[in-house]
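This report walks through one protein model, from its overall make-up to single residues. Please keep the sequence and the structure in view while reading.

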Amino acid sequence: MKKIEAIIKPFKMDDVREALGEIGVTGMTVSEVKGFGRQKGHTELYRGAEYMVDFLPKVKLEIVIATEDVERCVETILETAQTGKIGDGKIFITDVERIIRIRTGEENQDAI
């Protein structure tokens with residue numbers, strides 16, 4: 001089993017969720033996060049004063065899926081979230097040792 005964490009632009013969230021649903025992803029965790037990479041933030045004007053926005057709003061998706069479904073899931077996220085502009089985000093893939101559903105005690109594949 002693998003965990004996919006994707007940091008994407010907020011306005012792409014609905015499209016990504018829909019596309020993942022179409023390929024059979026049945027659950028995910030979504031968090032509103034802030035951060036920066038090469039983008040390094042930007043400046044904005046507020047009441048005539050310019051100020052620096054260091055952390056940009058992003059959305060973080062966390063999905064745990066079977067290893068054989070990883071590539072299809074990653075391709076779907078890439079195709080759907082990509083704008084071609086700086087700040088599109090990143091995808092991280094890590095191993096998951098064990099999953100336990102709290103309500104039933106089911107483990108691993110049965111718990112997904």
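What percentage of the 112 residues in the protein is buried? Buried residues make up 30% of the 112. Here buried means under 20% relative accessible area, exposed means over 50%, and partly exposed lies in between, with a 1.4 Å probe and protein chains only.

The model is predicted: local features need pLDDT of at least 70, side-chain atom pairs count only at pLDDT 80 or more, and totals for chains, interfaces and linings use all residues. Residues are numbered from 1 along each chain as its sequence is written, and side-chain values use heavy atoms, with hydrogens and water left out.

**Overall make-up**

The protein has two helices and six strands. Along the sequence they follow the pattern β-α-β-β-β-β-α-β. Helices (H or I, at least four residues) and strands (E, at least two) are DSSP runs, numbered from the N terminus.

The accessible surface comes to about 7800 Å². Carbon and sulfur atoms account for 49% of that surface. Areas come from the Shrake-Rupley method with a 1.4 Å probe; for residues, only the protein chains shown count as cover.

Contact means heavy atoms within 4.5 Å. Take the contacts between residues at least 6 apart in sequence: 68% of them join residues at least 24 apart.

**The helix pair**

H1 and helix H2 (residues 70-81) pack at an angle of about 145°, and their axes are 9 Å apart. The contact involves Asp15, Val16, Ala19 and Leu20 on the H1 side. H2 supplies Cys73, Thr76, Ile77, Thr80 and Ala81. By class, the contact has six nonpolar, two polar and one charged residues. Ala, Val, Leu, Ile, Met, Phe, Trp, Tyr, Cys and Pro count as nonpolar, Asp, Glu, Lys and Arg as charged, and the others, Gly among them, as polar. Axes are lines fitted to C-alpha atoms, for helices over the stretch in contact, and angles run from 0 to 180 degrees between N-to-C directions.

Thr76 lies in H2. Its relative accessible area is 10%, so Thr76 is buried. Beyond its neighbours within four places in sequence, Thr76 is in contact with Ala19, Leu20 and Ile23.

Ile23 sits in the loop between H1 and strand E2 (29-35). Ile23 touches Arg72, Cys73 and Thr76, leaving out residues up to four places away in sequence.

**A loop lysine**

Lys9 is in the loop between strand E1 (2-8) and helix H1 (13-22). Is Lys9 buried or exposed? Lys9 is buried, because its relative accessible area is 13%. Its side chain reaches the backbone oxygen of Ile86 at 3.5 Å. Lys9 also touches Lys58, Thr83, Lys85, Gly87 and Asp88 among others, not counting residues up to four places away in sequence.

**Strand E6 and the segment after it**

Ile93 is placed in strand E6 (residues 90-95). Ile93 touches Lys2, Lys3, Ile4, Val70 and Val74, with residues up to four places away in sequence not counted.

Glu97 is found in the segment after E6. At 81% relative accessibility, Glu97 counts as exposed. Glu97 touches Met1 and Asn108, not counting residues up to four places away in sequence.

Asn108 also belongs to the segment after E6. Asn108 has a positive phi of about 50°, although it is not a glycine. With a relative accessible area of 28%, Asn108 is partly exposed.

**Pairs separated along the chain**

| Pair | Separation in sequence | C-alpha distance |
|---|---|---|
| Ile23 and Arg72 | 49 residues | 8.1 Å |
| Ile93 and Val74 | 19 residues | 9.1 Å |
| Glu97 and Met1 | 96 residues | 7.3 Å |

Ile23 is partly exposed, with a relative accessible area of 23%. Ile93 is partly exposed as well, at 39%.

Technical notes
A polar contact is a pair of N or O atoms within 3.5 Å; within protein, one must be able to donate a hydrogen and the other to accept it, and residues adjacent in sequence count only if both atoms are side-chain atoms.
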